[in-house]
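Please read it alongside the sequence and the coordinates.

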Amino acid sequence: MSSSFAADFGERAYPMVLGLVQSFTDQSLGGDCKIVLSQMSGHDQVVLFEGSPGELRHRFGSPEAMAAFLLENSKPNASPVYVATRKTIDYVNAMPDVTEQTRTVTVLLSDLVDSEQHQPTKSREGFRMLDALTRYRESGGNLALYYVAQNEVPRWNEIIERAGFEPGHFAVHNALASSPSLPEFQ
């Protein structure tokens, strides 16, 4: 809910989130699904919600409900993209019910502009994130990035390439779409 994203949340992001959940549920062929919401803000707690698609829809039945929850748990003064991405990926990698047969996709709705100004710290966190993404990909994880700032697209394509994601197992878009496509599951 940073200033770069808040204006689009209710109108386009909320329907997109619901569309992604539905697409993921459809691709999972009715299997057990778990949704994890996390944030990229100055708040130390990255993971905010874990539950089924039904629990997500029940808890956040409107754009206003989800926006209020996100604002309540956000510190929009910072956007530690590399740290938050790594923590989210590490969380998913450590989930006890995720096995080699589990289909996973991590979706980032962000401009992906990291607010870290100290270059050595930014570089160190970038490499830590890259290691987490590589482990995630090795365990069969897929990655979808939406709302990426146009000038960040080349950097994230390079990050994804370095992490070893194959075409079809990732998506990078700089817009929000009401019916976004997800990567193919392995």
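A salt bridge here is a side-chain nitrogen of Lys or Arg within 4 Å of a carboxyl oxygen of Asp or Glu. By that criterion, Arg155 and Glu152 form a salt bridge, with their closest N and O atoms 2.8 Å apart. The model is predicted, so local features need pLDDT of at least 70 and side-chain atom pairs count only at pLDDT 80 or more, while totals for chains, interfaces and linings use all residues. Residues are numbered from 1 along each chain as its sequence is written, and side-chain values use heavy atoms, with hydrogens and water left out.

**Salt bridges**

- The structure holds 10 salt bridges.
- Arg86 forms a salt bridge with Asp90, the closest N and O atoms being 3.7 Å apart.
- Because Arg86 and Asp90 lie 4 residues apart in helix 5, about one helical turn separates them.
- Arg86 is buried at 10% relative accessibility, and Asp90 is partly exposed at 27%.
- Arg86 also forms a salt bridge with Glu125, where the closest N and O atoms are 3.6 Å apart.
- That pair links distant parts of the chain, since Arg86 sits in helix 5 and Glu125 in helix 6 (residues 119-138), 39 residues apart.
- Both Arg86 and Glu125 are buried.
- Salt bridges with shared partners join Arg86, Asp90, Arg124, Glu125, Arg128 and Arg135 into one network.

**Helix 5 against helix 7**

- Helices are DSSP runs (H or I, at least four residues), numbered from the N terminus.
- Helix 5 and helix 7 (residues 153-163) pack at an angle of about 35°, with axes 14 Å apart; the axes are lines fitted to C-alpha atoms over the stretch in contact, and angles run from 0 to 180 degrees between N-to-C directions.
- Val81, Tyr82 and Thr85 in helix 5 meet Arg155, Trp156 and Ile159 in helix 7, where contact means heavy atoms within 4.5 Å.

**Ser79**

- Ser79 is found in the loop between helix 4 (63-72) and helix 5 (81-94).
- With 12% relative accessibility, Ser79 counts as buried.
- Leaving aside residues up to four places away in sequence, Ser79 touches Met40, Val113, Asp114 and Ser115.

Notes: Helices (H or I, at least four residues) and strands (E, at least two) are DSSP runs, numbered from the N terminus. Buried means under 20% relative accessible area, exposed over 50%, partly exposed in between (1.4 Å probe, protein chains only).
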